[in-house]
Amino acid sequence: EKIVFPPWNFPKNIPTIPFYVIFLPSIIDIDQTELYDLYLRKPLEKHGAAKLFFGSRWNIIVTKPQMLAQIFKDEDTFAKSGNQKKIPHSVIAAYTGDNVISAHGKIWRTYRSIVTNGLQHFDDSPIFKNAKLFTNIIEQHLNENSKERESLPMSGLVQRLCLDNISQVVLGFDFASLSSDKNPLHNHLMRIKKQIFHPFFLTFPFFDHLPIPARKRGFADVEAFRKELVKHVDEELVKNYKFEQTTFAASDLIRAYNNGVIDRKQLTDNLVILLVAGHENPQLLLTTSLYLLAKHSHTWQKKIRNEIWEVFQSKKLSELPLLNSFLYEAVRILPPLNTIINRCTTKTCLLGNNVVIPRGVYVGYNNFGSSHDTQSWGPDADEFKPQRWGQDIETINKNWKYAKNTCKLSSFHGGRRACLGEKLGLVEVRITLAEMLRRYEWILAPDWEEKMTPAGPLGPLNLKLKFKKLNL
Ligand code: HEM
């Protein structure tokens, strides 16, 4: 009964999404955008908030801008409560621990003050270098396959690019997964990801309490990966005192550790989260961008190729109207992180004008809902239309800031806890797309079924593309 109905003290004046909805993707072939249209859109567009069963408990999810603004602002009432508090015995909590994304209050402020500089100011030359390596691998693929335009699965390749980018730009070492497809650290990461995102344990985290042998091995493997990661950072930055001269986010974390501001576990937890958020989110955004450019190959792909053709600097790329309105629209139409539920009320409170939420309730947001809401975006909210952001770069950027400030778009959170990697993520995607557009044309592979991921991070599922070299 605890599963079928929300607790008695949950607000009665917002709708309840049937409990079984969240289990549907594991039973039938439905992706999360279809699921949204069928079960969530109507109640959320009408009420702005709803009760949703997710992660073994009832939660409240919110999509209306005014309510979101309240949650993002009132941090003391809607306190961050990440997996380390929510499901402390899970493999995922063991993996990412207590870090700058999941922590609350004073500890969060300490973490944030340490990593901000390195995430905001960074050297983008490794990103240019990696974009070349990435496009070379595509070229290799084209050369190896007799038929031009053999279709290429993108997910592994994009992941390798994003791992190399984040490790070189933020962590101060080279993951080196682009230079070989049999990199041990990369294989280790793939292995533990299978454990962490095991659909059964994600749905029923309770089972992580039990001493299941395969699961225990999973925990040990996750711990080994964390140690291995810190070892790489140590070897590159600490052993030869490089951290003293460098401004990587990792160097600042090491300095804070040496000064006793954070302990060893806190150092590890934050290095891990920088790796995790720093590669997974750009990986999603880049994959989505490649997908949308393929889908609109005769229009946006062509137009943006013309626009970037002779633009080679990161700053110049950030001033191009077509490229940037395209990216903002990509983030809106398919927000890489969709449902995030990691805040817990610290007291009974009022959400909006009349929704009373008791203490100890998990409250989250649904980015797809916010960015497809017709009240915020008009009747064409579901259409992919980069031109909605404006024609010139000043207007486009002004509209982007406005959408974020008013919480009409929350793909990068916002407010004091806004994503610290937005700039880096966008820089990465711009540079990579520009490099690819100068070398190839691409379309969706005819043997790829157009589906988004069923649950979790949102993006095209196992995207496959067909490339053709441009005749220069
Ligand atoms: C490019 C696509 C990206 C998207 C869509 C994205 C999205 C988000 C979102 C939605 C949050 C809030 C999470 C929550 O509510 O718990 C967040 C926080 C954060 N992101 Fe990103 N992110 C991206 C890239 C990155 C990158 C490349 C980094 C670099 C390491 C990064 C670092 C962070 C950090 C440190 C926070 C925590 C901020 C705080 O709580 O103070 N993100 N991001």
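Predicted model: local features only at pLDDT ≥ 70, side-chain atom pairs only at ≥ 80, totals over all residues.
**Packing of H8 against H13**

- Two packed helices are described by the angle between their axes and the distance between the axes.
- For helix H8 (residues 155-171) and helix H13 (residues 264-295), the axes come within 8 Å and cross at roughly 135 degrees.
- H8 and H13 are therefore oblique to each other, and their crossing is right-handed.
- On the H8 side, the contact is made by Ser155, Val158, Gln159, Leu161, Cys162, Leu163, Ile166, Val170 and Leu171.
- H13 contributes Leu271, Leu274, Leu275, Gly278, His279, Pro282, Gln283, Leu286, Thr287 and Leu290.
- By class, the contact of H8 with H13 comprises 13 nonpolar and six polar residues, with no charged residues.

**Packing of H13 against H14**

- The axes of H13 and helix H14 (residues 297-308) come within 6 Å, with a crossing angle of roughly 115 degrees.
- Leu293, Ala294 and Lys295 of H13 meet Ser297, Trp300, Gln301 and Ile304 of H14.
- This contact of H13 with H14 is made up of four nonpolar residues, two polar residues and one charged residue.

- Helix H12 (residues 249-258) is mostly covered, with seven of its ten residues buried.
- The buried residues of H12 are Ala249, Ala250, Ser251, Asp252, Leu253, Ile254 and Ala256.
- These buried residues pack against helix H6 (105-120), H8, helix H11 (213-238) and H13.
- After H12 comes Gly260, which has a positive phi near 75 degrees.

- Glu45 is located in helix H2 (residues 32-47).
- The relative accessibility of Glu45 is 17%, so Glu45 counts as buried, the limit being under 20%.
- The side chains of Glu45 and Thr374 are joined by a polar contact of 3.1 Å.
- When neighbours within four places in sequence are left aside, Glu45 is in contact with Lys64, His372, Asp373, Thr374 and Gln375.
- Asp380 is placed in the loop between helix H18 (374-377) and helix H19 (393-405).
- With a relative accessible area of 19%, Asp380 is also buried, because the value is under 20%.
- Not counting residues up to four places away in sequence, Asp380 touches Lys385 and Arg388.

**Positive phi in residues other than glycine**

- Ser56 is a residue other than glycine with a positive phi, near 70 degrees.
- The position of Ser56 is in the loop between strand E1 (49-54) and strand E2 (57-62).
- Ala176, another residue other than glycine, has a positive phi near 60 degrees.
- Ala176 is found in the loop between H8 and helix H9 (184-196).
- The relative accessible area of Ala176 is 22%, so Ala176 counts as partly exposed.

Terms used
Residues numbered from 1 in each chain as written. Heavy atoms only, no water. Helix = DSSP H or I, 4+ residues; strand = E, 2+ residues; numbered from the N terminus. Buried < 20%, exposed > 50% of the residue type's maximum accessible area, 1.4 Å probe, protein only. Polar contact = N/O pair within 3.5 Å; in protein donor to acceptor, adjacent residues only side chain to side chain. Contact = heavy atoms within 4.5 Å. Axes fitted to C-alpha atoms, helices over the stretch in contact; angles between N-to-C directions. Parallel < 35°, antiparallel > 145°, perpendicular 65-115°, else oblique. Left-handed = near helix turned anticlockwise from the far one by under 90°. Nonpolar A, V, L, I, M, F, W, Y, C, P; charged D, E, K, R; others polar.
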